[in-house]
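Subject: Structure handover

Hello,

Here is the structure I said I would pass on. Please open it first and keep it beside you while you read the notes below it.

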Amino acid sequence: MKVARFILLALMMILTACSVFSPASVSRTPSPSATLAPPSVKVTSAPDVRGTVEAFLKAWQAEDYEAMYSLLAPATQDAIPQENFIKRYKDVAVNLTLQKLDYEILSTLTNVSSAQAAYRVTFHTAVLGDLSREMSMNLELRSDGWRVLWEDGMIMPELRGGNLLALDYRSPSRGSIFDRKGYPLAINTDAVALGIVPGEIPEGMEGAVLAELSRLTGYPPEWIKALYNDNYVNYYIPVGETTRDDFDLRYDVVKDMPGFAWKEYSARYYSDNGIAPHVTGYTLYIPQEQLDTYLRQGYEMNAKIGWAGLEKWGETTLSGQRGVGLYVLDPQGRVLTRLGTRDPIPARSIYTTLDANLQREAQKAINSFNGAVVVLELNTGRVLAMASSPGFDPNLFEPSNINSRALQDVLNNPSNPLVNRAAQSAYPPGSVFKIVTMATALETGLFQPEDTYECGYYFTDLPGYTLTDWTLEKELPPSGTLTLPEGLMRSCNPWFYHIGLELSRAGVADKLAEMARAFGLGVPTGIQQIAEETGNIPDPSSDEIAVQMAIGQSQILVTPLQVASMIAAVGNGGTLYRPQVVEKIVDPDGNAEYTFKPEERGKLPVSEETLALLQDTLRQVVVNNRGTAVRAFSGLGIPVSGKTGTAQTGPGLKPHAWFAAYTSAKRENKPDIAVVVIAENAGEGSEIAAPIARRVIEVYFFGQPQRIYPWEAKLNVTRTPTPEVTETPSP
């Protein structure tokens with residue numbers, strides 16, 4: 001029984017073992033469903049900090065302070081408002097006189113959520129050269145990228161903790177402007193503003209008051225009287241200025257004179273109420289809208305700058321070099337250290353090519369008109385006089401001058417006194433242009449000197465058009481049959497209409513425009529020291545335009561300075577010189593840093609024969625009984641050659657009066673000159689412009705005017721004179 005039980009137990013154990021470990025349920029390689037997957041781990045690297053550092057420094061280089069601020073960490077933005085951040089950088093730029101900056105990233109170090117960059121900045125400054133600083137930038141990682149943890153030391157290490165930069169200036173006195181002989185045109189001195197209170201003048205004293213004001217200002221008594229006429233008001237009327245030294249010579253006479261008023265001031269002073277004001281220009285306090293620009297060039301906030309003419313062109317020369325010291329101040333304004341210094345350099349002075357007496361008389365001669373006078377030395381390009389009318393008193397731009405209240409009258413004058421009509425205004429040249437037309441006619445070979453044309457009242461060669469000669473309007477006999485030179489001498493319009501039409505029909509009308517430009521018209525003269533207008537010489541596009549251009553009309557526009565350069569080239573043998581107004585620049589010890597040298601800018605593209613014929617014909621204009629300027633120059637005693645011009649300007653308007661001339665005196669101590677006059681809407685060239693040119697020539701050779709003109713008594717009154725009617729040919 002025991003054996004049977006043992007066998008039964010053994011069988012049961014075997015059966016149990018077979019049910020648990022059957023081959024079907026055993027696998028040596030576990031199945032995927034039977035095991036757990038390992039956890040997924042994603043590793044994200046911190047973004048490259050260099051891009052943010054580069055963006056911040058590049059924005060600084062471009063002075064894009066808003067972009068810089070946008071890269072600051074929120075905590076930094078909470079600590080400094082954007083406007084304060086921007087002001088901080090702008091103030092540093094101004095006090096450094098920063099022109100530009102360069103940067104270099106030296107290294108970067110990145111941690112899990114923070115970073116640091118080292119960089120070098122080189123500041124290129126106007127007054128202290130280059131300054132370099134090495135600095136560091138801390139950044140923090142935000143959800144949207146790296147952001148800058150800004151502090152003051154990131155601008156310059158010296159500014160950490162709110163320290164400031166400050167400049168200390170030492171400014172030299174502004175240099176002077178003289179005429180060619182040393183007469184002062186613009187200087188720094190004590191001056192006296194002069195005026196009149198008509199209502200305070202006792203009966204019988206008006207003449208004495210006017211005489212004293214005239215003596216001190218140079219204005220005629222009748223001009224001063226015209227400021228108030230018979231309106232004896234009890235308020236101050238500005239008249240002009242003089243130096244304190246000149247005023248002191250008359251002080252005992254005027255100090256108790258009723259109605260005579262004055263007030264002293266010290267500033268930039270322009271002699272004689274402005275000799276060649278359009279050439280010298282004037283100074284102004286730096287306008288608010290340009291203040292930041294000038295401060296960064298090293299100017300003080302209350303500095304004056306040259307605003308026009310030589311004052312502007314020679315700003316660096318006339319202002320010298322300011323001495324400066326750059327300091328670091330603590331927030332309380334105490335000096336901590338000096339970063340650099342520059343010694344001042346004295347200003348230099350400019351001697352112009354102008355002749356003060358000739359300039360003064362030229363201004364008087366054109367004063368009754370809107371217009372201009374230009375006088376050039378024939379063989380050098382020196383500008384001896386450049387008058388533009390109406391003129392202005394540059395002393396009125398000085399705020400400490402009580403007479404500056406009259407400045408608004410200048411600025412509001414519809415005649416634009418500040419415009420230099422000699423170089424900045426372009427006009428149709430009228431018959432003066434016939435010089436170019438004759439040269440073109442001969443150089444193209446289409447015409448010969450002996451060719452003739454019947455100069456009658458009318459030109460009808462152009463179908464559909466009837467054009468007239470000036471003799472018709474003047475009710476003079478027609479000029480009759482003329483050779484080409486005689487056509488120029490008589491300024492025969494039909495002759496030159498004929499030339500223009502023939503040039504056009506021959507397909508060479510563009511040669512007229514080419515010749516004009518080669519003569520210096522419609523192109524810059526290159527004067528440089530003053531602003532100039534280019535003008536316009538179009539290529540003729542039709543017979544009608546070619547005909548009008550041949551007599552200096554249509555769309556032709558030239559400046560008086562261009563015409564002066566042209567007529568000088570005709571007179572000197574064919575050389576166009578660059579006009580210049582600076583004779584020399586000298587240092588305080590009188591050493592010349594620059595001296596005038598004539599500069600050729602071209603040759604007239606004509607043969608010797610053509611040039612000689614032009615010269616002879618222009619002489620005939622003045623000496624031949626049929627010449628258009630013979631009456632104006634009779635008895636002068638100085639050989640003059642020239643051309644009248646009467647340029648039409650529109651229906652109902654008087655024409656512009658032109659005269660262009662040169663002298664051939666060949667005096668050893670008086671170089672020959674070219675003179676050009678234009679009087680806007682004044683009438684005939686022979687009746688208005690030619691007499692003014694004669695006046696200028698008289699002053700140059702004889703020192704003063706020699707002949708009285710019909711409008712002499714009115715010459716210094718701003719009113720267009722009415723010339724006497726003569727039979728002198730006009731165009």
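Asp272 and Arg360 form a salt bridge, and their closest N and O atoms are 2.9 Å apart. Before going on, note that this is a predicted model. The bridge joins distant parts of the chain, since Asp272 sits in the loop between β9 and α9 while Arg360 belongs to helix α13 (residues 356-366), 88 residues apart. Asp272 has a relative accessible area of 32%, so it is partly exposed. Arg360 is also classed as partly exposed, because its relative accessibility is 24%. For both, the class between buried and exposed applies because buried means under 20% and exposed means over 50%.

Other salt bridges

How many salt bridges does a search of the whole structure find? The search finds 36. One of them is between the side chains of Arg268 and Glu311, with 2.9 Å from N to O. This pair, too, links distant parts of the chain: Arg268 is in strand β9 (residues 260-270) and Glu311 in helix α11 (residues 309-313), 43 residues apart. Are these two residues buried or exposed? Arg268 and Glu311 are both buried. They also belong to a network of salt bridges that links Arg174, Arg268, Glu311 and Glu315.

A further bridge is formed by Arg334 and Asp330, whose closest N and O atoms are 2.7 Å apart. Here the two partners fall into separate classes. Arg334 is exposed because its relative accessibility is 51%, whereas Asp330 is buried because its value is 8%.

The disulfide

The structure holds 1 disulfide. Cys455 and Cys492 form it, and their sulfur atoms are 2.0 Å apart. The link between Cys455 and Cys492 is right-handed, with 110 degrees about the S-S bond.

The nonpolar cores

In soluble globular proteins, nonpolar side chains tend to be buried together. In this model, the largest nonpolar core has 92 residues. Which of its members touch the most others? They are Val436, Trp495, Phe519, Val563, Val570 and Trp658. Helix α22 (residues 560-572) gives the most to this core, with 8 residues. Apart from this core lies another, of 46 residues, including Val53, Phe56, Met137 and Leu165.

With its neighbours within four places in sequence left aside, Phe519 is in contact with Ile435, Val436, Ala439, Met566, Val570, Leu576, Leu604, Pro605 and Val606.

One more residue

Leu295 is in helix α10 (residues 291-295). Its relative accessible area is 11%, so Leu295 is buried. With its neighbours within four places in sequence left aside, Leu295 is in contact with Val94, Thr97, Tyr169, Glu300 and Met301. Between Leu295 and Ile537 there are 242 residues in sequence and 43 Å in space, C-alpha to C-alpha.

Regards

Note on methods. Residues are numbered from 1 along each chain as its sequence is written. This is a predicted model: local features need pLDDT of at least 70, side-chain atom pairs count only at pLDDT 80 or more; totals for chains, interfaces and linings use all residues. Side-chain values use heavy atoms; hydrogens and water are left out. A nonpolar core is a set of buried Ala, Val, Leu, Ile, Met, Phe, Trp, Tyr and Cys residues joined through side-chain atoms within 4.5 Å. Buried means under 20% relative accessible area, exposed over 50%, partly exposed in between (1.4 Å probe, protein chains only). Helices (H or I, at least four residues) and strands (E, at least two) are DSSP runs, numbered from the N terminus. Contact means heavy atoms within 4.5 Å. A salt bridge is a side-chain nitrogen of Lys or Arg within 4 Å of a carboxyl oxygen of Asp or Glu. A disulfide is a pair of cysteine sulfur atoms within 2.5 Å.
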